[in-house]
Amino acid sequence: MKVQTYSAPCSVRPCPRPTPCLSGSEGSLPGARGWLGGAMAHLHYKYSLLSPAAEEYHKRPLPLQLDYAPLGVFAVLEVQRELQRPWTPMSCLRRPKLYSFIFGLTVIFLIMASYVLSSERKGLLLTPSPYHADSSLNLGTLPFNFSSNKDHSHITQVLHQILSKVEFSPRKVPHLRMLVHSEPHMFSVIPRHFMPDVKNPCWYEQLSGNVSADPYRRNLYSLYSRQSRATFQYLRSSFRKHLLFRDGKFFRIRCLPFFYIIGQPKCGTTDLYDRLRLHPDIRVTTLKEPHWWTRKRFGIIRPSDGLHARYPVEDYLDLFDLPAHQIQDRLLANSSRSSNQANIIIGEASASTMWDNNAWAYFYDNATEGEPPFLIQDFIHALQPEARFIAILRDPVERLYSDYLYFGMANKSSEDFHEKVWESVQLFDACLQEFSMRACVYNSSLNNAMSVRLHVGLYVVYVLDWLSVFGRDQLLVLRLEDHAADRTLSMHRVFQFLSLRSLSEQKEAEITKRPASNTRRLADKNLGPMLPLTREILSDFYGPFNRKLATVLQDDSFLWDTHSKPASRNG
């Protein structure tokens, strides 16, 4: 297989004017219109990866950033400039006007800052979603009537409406031909079969061109991730000595992860990642969360930033070059000793992999009834049908509060959290009145409009969709509560799931006794617990989803009920 150098059609610099990156019908942007009192803005913008020609797909330019925020107060200020005159002593007489103008700007700035700090995003700040397109799921038509009424009877009525709409219907799995047609380049780079004498999925790729050239000069992770720069610098210095020369051709080793920690956010993924990286047979990337499958391959860096240059699959594979070289070294060493197995495995821990399919509505515009035609796991399964996945979950009520405290900005409080929860519950209820539960869970417009990430805690929806393509024995589901209570038992389950060798007592203690990672900040702890009414609302909201999850996993501990007992742990 020849290496094709991928060059992003629109560089990381903004596209020069007057020629725009987007043109014609694909680049038309009529503007943004408010939805639900300005909770978010719809962008009428379509972009499809379903082009029949892969070459046309690579030539499509994308902008560095789409910034369609409405005009703010500063934009309407107009200063009448006078003709420039030479300075004279009389000029000082005009300084009071200048001071008044500066004072006015200061007052306006303070007013805007107060709105921001009080989280009044509906009144002044509109952050358009970079994902939304003219899909079949148009939330602007929802029968939504936002209510500030928070009396118990009204809350009970809204929750009852939601629970009456909860159903778990099987999804339609796309055919392999559709996946290849949508991402031809990715399937042309990664082979269908891997090296048989290596535990980790690896293969050799033929190089063409100048082998002395820097292979990482265009890698976007190398350019924009500070965490990865030192690793890439080392790879540059050692790249050539890891090339294999056979029959007059150069080859490089390539690898994908053997396992993925796929979620969920604020459930202990960082702690699990930090412990696993200490195992002598596990290698991980310097960058804990590449977010390639869910975001970077679409050019999404941050959900609120718009689109950047898309990260090609080669950039993602480069992240695993260091462990790939170690696998190659061990393989060659074992070969000289008549051994036939290299046991190093690679893992990555993007906590968005399990749930974040927000880009589907932006790129795949042919869904039926608003449900995604493809999910992340469909592509991974097509390329790695034997991959293994670890999901660590926690009580979704506590997860949401932890998520709010960690990602929230200013003026965080239990009262503010309650307001955001109630608003988000009503938004979800409005969606369910018109569309299926899966359509609402995966709808990017709804997800970006909600003040808190309510949907991330609907674990069973994601678990069922992952099990629609992967076997039950390929998905290990842990609970953070169990992991925190007995890390030795938890790590043993993970080691067994990954078929790793036993460790010495000293090495095992090093892994299990280290302090917990990414714990709650002291300032957030001082805010205290959520309000009892908020907990009651969320417990009722998540209840049916937890019950279904406990049934699917055959483990009542996933009810997160203090009276339930965990089932035997088989995986």
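Modeller: Gln 554 sits in the segment after helix H22 (532-553). Keep in mind that this is a predicted model.

Biologist: Which other non-glycine residue has a positive phi?

Modeller: Asp 247 is one, with phi near 55 degrees. You'll find Asp 247 in the loop between strand E4 (244-246) and strand E5 (249-255).

Biologist: How accessible is Asp 247?

Modeller: Its relative accessible area is 78%, so Asp 247 counts as exposed too.

Biologist: OK, peptide bonds now. Where is there a cis one?

Modeller: Between Gly 263 and Gln 264, with omega at about -5 degrees. Most peptide bonds are trans.

Biologist: Switching topic: where is Arg 295?

Modeller: In the loop between strand E7 (282-284) and helix H9 (313-318).

Biologist: Buried or exposed, that arginine, Arg 295?

Modeller: Buried: Arg 295 has a relative accessible area of 11%, and anything under 20% counts as buried.

Biologist: What does Arg 295 touch, apart from its neighbours within four places in sequence?

Modeller: Arg 295 is in contact with Ile 300, Ser 352, Trp 355 and Asp 356.

Biologist: Back to H22. How do the axes of H13 and H22 cross?

Modeller: Helix H13 covers residues 396-407, and its axis comes within 9 Å of the H22 axis, crossing at roughly 125 degrees. That angle is why H13 counts as oblique to H22.

Biologist: Which residues meet there, between H13 and H22?

Modeller: From H13, Pro 396, Val 397, Glu 398 and Leu 400. Their partners in H22 are Arg 535, Leu 538, Ser 539, Tyr 542 and Asn 546. By class, the H13–H22 contact has five nonpolar, two polar and two charged residues.

Biologist: Zooming out, how many helices and strands are in the chain?

Modeller: There are 22 helices and ten strands. Of the 571 residues in the chain, 50% are buried.

Biologist: And what's the accessible surface of the chain?

Modeller: About 27600 Å², with 53% of that belonging to carbon and sulfur atoms.

Methods: Residues are numbered from 1 along each chain as its sequence is written. This is a predicted model: local features need pLDDT of at least 70, side-chain atom pairs count only at pLDDT 80 or more; totals for chains, interfaces and linings use all residues. Side-chain values use heavy atoms; hydrogens and water are left out. Helices (H or I, at least four residues) and strands (E, at least two) are DSSP runs, numbered from the N terminus. Buried means under 20% relative accessible area, exposed over 50%, partly exposed in between (1.4 Å probe, protein chains only). Contact means heavy atoms within 4.5 Å. Axes are lines fitted to C-alpha atoms, for helices over the stretch in contact, and angles run from 0 to 180 degrees between N-to-C directions. Angles under 35 degrees count as roughly parallel, over 145 as roughly antiparallel, 65 to 115 as roughly perpendicular and the rest as oblique. Ala, Val, Leu, Ile, Met, Phe, Trp, Tyr, Cys and Pro count as nonpolar, Asp, Glu, Lys and Arg as charged, and the others, Gly among them, as polar. Accessible areas come from the Shrake-Rupley method with a 1.4 Å probe; for residues, only the protein chains shown count as cover.
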